[in-house]
Each structure stands twice: as C-alpha cells, then as structure tokens.
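Subject: Handing over the model

Hi,

Here is the structure I promised to pass on to you. Please open it next to this message, and then read on for what turned up in it.

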Amino acid sequence: MAVFLMLYANHADAASWHAVQGDVIEVTLTGIDDTATLTCFGQQWPVKPIAGGGLRGWIGVDLKKKAGHYPIVWQGKKKYTDDLLVQAGSFRISRITVKKSMSQFDAKAVKRIHHDQKMLRQTYSMNVDASPEIKMNGLPVQGIVSTPFGAQRYVNGKAKSPHSGVDIAAAKGTPLLAPLGGKILLREAMFLNGNTVVIGHGNGLVSVYCHMNNFAVKQGEWIKTGQKLGTVGQTGRSTGPHVHWGVHFGTARVNPMSLLKGNAESPMADRPYKLKQSR
Ligand SMILES: [Zn+2]
C-alpha cells in the first residue's frame with residue numbers, strides 16, 4: 001500500500017525546472033488536457049499540444065529576474081504546480097568610449113531617444129496573428145560576438161543598463177537574414193539604435209535588429225524565415241559595424257542564443273550556431 005501511494009504521489013508530483021537569467025525554457029506536462037493554460041511570473045505563456053497527449057510550453061526569464069524559486073502553474077481540468085529555479089547569470093563587464101555627442105545629449109536628442117524607446121516598447125505588446133515555432137532557425141548573420149547578452153555596460157565610464165541583446169560584428173554590407181518568419185512591426189532610423197527592424201513572430205515573441213546599413217523590408221510586410229532584412233551597418237551609436245540582436249518574449253528581455261535550434265530543413269541550415277567570443 002505504501003508503495004502504491006508513493007507511485008501515485010510521484011505521478012502527480014511537481015516537476016523541477018531550472019533556468020539562468022535571460023533563458024527561454026521549454027517545459028512539458030504529459031497527461032494534461034490541451035486546453036490548459038501555463039502561468040509563471042504573473043503572466044500566461046504560449047503552449048502547444050504534444051503528440052500522445054499533454055502540452056509543451058515556453059517561459060521567458062527576464063535578464064534581471066531575481067534569482068530564486070518561482071511556481072509554474074498548469075491550469076486545466078486539474079491544476080499542477082511545478083517549481084522553477086532561476087539562477088543569476090555570469091555576465092561580463094563591457095566598457096566603451098564614444099564621442100561626447102553620443103554620450104551627452106541635448107534636449108532635442110533626449111526627446112528623440114525617448115520617442116524611439118516608446119516606439120520600440122509599443123512593438124513588444126503588439127498582437128501578431130501568427131503562431132510559428134518559438135525557436136529561432138539560426139543566426140541573423142555570421143560574425144564575432146563583440147558584446148554578449150547581459151553584459152554590464154559602461155559608456156565613457158558611466159554605468160548604463162545591462163546589454164539586452166547580442167552584438168555580432170560583421171563587415172558592413174553583410175546580409176542580415178530573419179532567423180524566424182513574422183511581421184515587420186517597425187522599420188525606423190533611430191538616434192542610438194540606428195536603422196532598426198522589429199519582427200513580431202506571434203506568441204508574444206519579438207526580435208529586434210539595430211545599427212543596420214540599409215533595409216530590404218517594409219513596415220507591415222510579412223516575411224519568411226531566412227528572408228533578407230537588409231545589411232549590417234554602423235548607424236546610430238556604434239563603435240564598429242555590427243548588428244545588435246535583441247529578443248523580447250512576453251515582458252522578458254531574453255538571450256537570443258537560448259532560442260537557437262538545429263534544423264536541417266531550415267532555409268538557414270547553412271548558418272552554424274558557433275560564434276567566436278571577442279574576449
Ligand atoms: Zn548591442
């Protein structure tokens with residue numbers, strides 16, 4: 001009888017999941033009805049049914065999410081609660097020196113920066129009627145990681161916000177490809193970010209590409225995985241040609257590298273995921 005009770009407890013018992021700040025993690029629960037919802041950090045996350053019954057879901061852990069334990073709640077006909085352990089990331093320190101005009105701003109520049117930030121922020125919650133995969137099919141460009149995700153930045157010695165994307169350095173004019181299809185939510189020349197494209201992929205997943213040389217897509221256009229977005233440049237505040245690749249998932253700023261998958265069928269299969277670190 002004791003053995004039976006133990007097995008029963010195990011079946012309904014909570015699973016333990018583990019993530020580092022900035023990760024997108026995939027969680028599954030077999031046996032739950034496929035109308036169930038997945039909630040973590042006070043918000044709902046996308047789920048898809050898995051073969052044989054049950055659900056697969058994805059949760060984004062913000063770059064600055066406090067380390068600790070958080071409940072993951074699956075609410076179907078029955079309710080299941082899993083445990084998520086978030087650990088602090090080990091992020092690098094990054095120091096750059098830029099011209100005074102790119103570190104101290106007059107009132108006109110400040111106004112423009114705020115306007116840019118507002119436009120960008122609005123795209124994070126735009127509804128996109130698409131439900132593709134959550135995973136990215138490859139890198140937008142081959143190159144060298146010049147500033148990794150999460151780096152604490154100092155510009156001319158002053159502490160700035162942590163780096164919410166990955167900087168990949170490549171020659172000016174190198175084509176930038178969309179790692180996942182979606183809708184172009186924004187195409188804009190910004191003060192700090194330079195020429196910027198934002199793709200909404202559906203499911204609350206949004207990717208951002210900055211400092212581009214030129215654009216090959218229009219705002220409002222639907223694009224396919226592997227389609228050319230434009231080329232690598234050095235527009236905005238940039239110390240060399242590179243793309244800043246950022247991803248928002250739900251309300252979380254996540255590491256694009258945590259979304260990469262191997263997919264031989266993908267039009268981006270020729271882009272390996274191995275990148276050199278600059279330091
Ligand atoms: Zn960057």
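To begin with a term for what follows: a residue is called buried if 20 or more other C-beta atoms lie within 10 Å of its own, exposed if 12 or fewer do, and partly exposed in between, with C-beta atoms placed from the backbone. F41 has 18 C-beta neighbours inside 10 Å, so it counts as partly exposed.

Before the details, a word on the source. This is a predicted model, in which local features need a pLDDT of at least 70 and side-chain atom pairs count only at pLDDT 80 or more, while totals for chains, interfaces and linings use all residues. Residues are numbered from 1 along each chain as its sequence is written.

**Confidence**

pLDDT is the predictor's confidence in each residue, on a scale from 0 to 100. The protein chain has a mean pLDDT of 88, and 89% of its residues reach 70 or more. Two stretches need care. Over residues 1–11 the pLDDT stays under 50, and the model has zero contacts there beyond four places in sequence; a contact means that the C-beta atoms of two residues, placed from the backbone, lie within 7 Å. Over residues 269–279 the pLDDT is also below 50, but this stretch has 17 contacts in the model beyond near neighbours in sequence. Where pLDDT is low, the predicted coordinates should not be read in detail.

**Overall picture**

The protein chain has two helices and 22 strands. Both are DSSP runs numbered from the N terminus: helices are H or I with at least four residues, strands are E with at least two. Of the 279 residues in the protein chain, 38% are buried. Among contacts with a separation of 6 or more, 69% join residues 24 or more positions apart.

**The core**

Which residues have the most contacts inside the largest nonpolar core? They are Y209 and V243, in a core of 56 residues. A nonpolar core here is a set of buried Ala, Val, Leu, Ile, Met, Phe, Trp, Tyr and Cys residues joined through C-beta atoms within 7 Å. Strand β17 (residues 205–215) gives the most to this core, with seven residues. Domain 1 (2–87) and domain 2 (93–277) both contribute residues, so the core lies between them; the domain bounds come from an automatic or database domain assignment.

Leaving aside neighbours within four places in sequence, V243 is in contact with P140, V141, I168, L176, Y209, C210, H211, M212 and V232. K172 is 71 residues from V243 in sequence, and their C-alpha atoms are 9.8 Å apart. You will find K172 in the loop between β13 (165–169) and β14 (175–177). It is partly exposed, because 13 other C-beta atoms lie within 10 Å. Not counting residues up to four places away in sequence, K172 touches N213, V232, G233, Q234 and P241.

**Two sheets**

Strands count as paired if DSSP finds at least two bridges between them. Five strands form an open sheet with mixed pairing, in the order β1-β8-β7-β3-β4. Its edge strands, each pairing on one side only, are β1 (16–20) and β4 (43–45). β1 runs parallel to β8 (residues 79–87), and five bridges join the two. A19 stands opposite V86 in β8.

Another open sheet has three strands in the order β9-β11-β12, again with mixed pairing. Here β9 (93–96) and β12 are the edge strands, each pairing on one side only. β11 and β12 run antiparallel and are joined by two bridges. Y154 has A159 in β12 as its bridge partner.

**Loops to look at**

Most residues other than glycine have a negative phi, and most peptide bonds are trans. F41, in the loop between β3 (37–40) and β4, has a positive phi near 55°. N156 also has a positive phi, near 50°, and is found in the loop between β11 (152–155) and β12 (158–159). With 14 other C-beta atoms within 10 Å, N156 is partly exposed.

Is S125 buried or exposed? It has 12 C-beta neighbours inside 10 Å, so S125 counts as exposed. S125 is in the loop between α2 (107–124) and β10 (144–147). Its C-alpha atom is separated by 7.0 Å from that of G204, which is 79 residues away along the chain.

Best wishes
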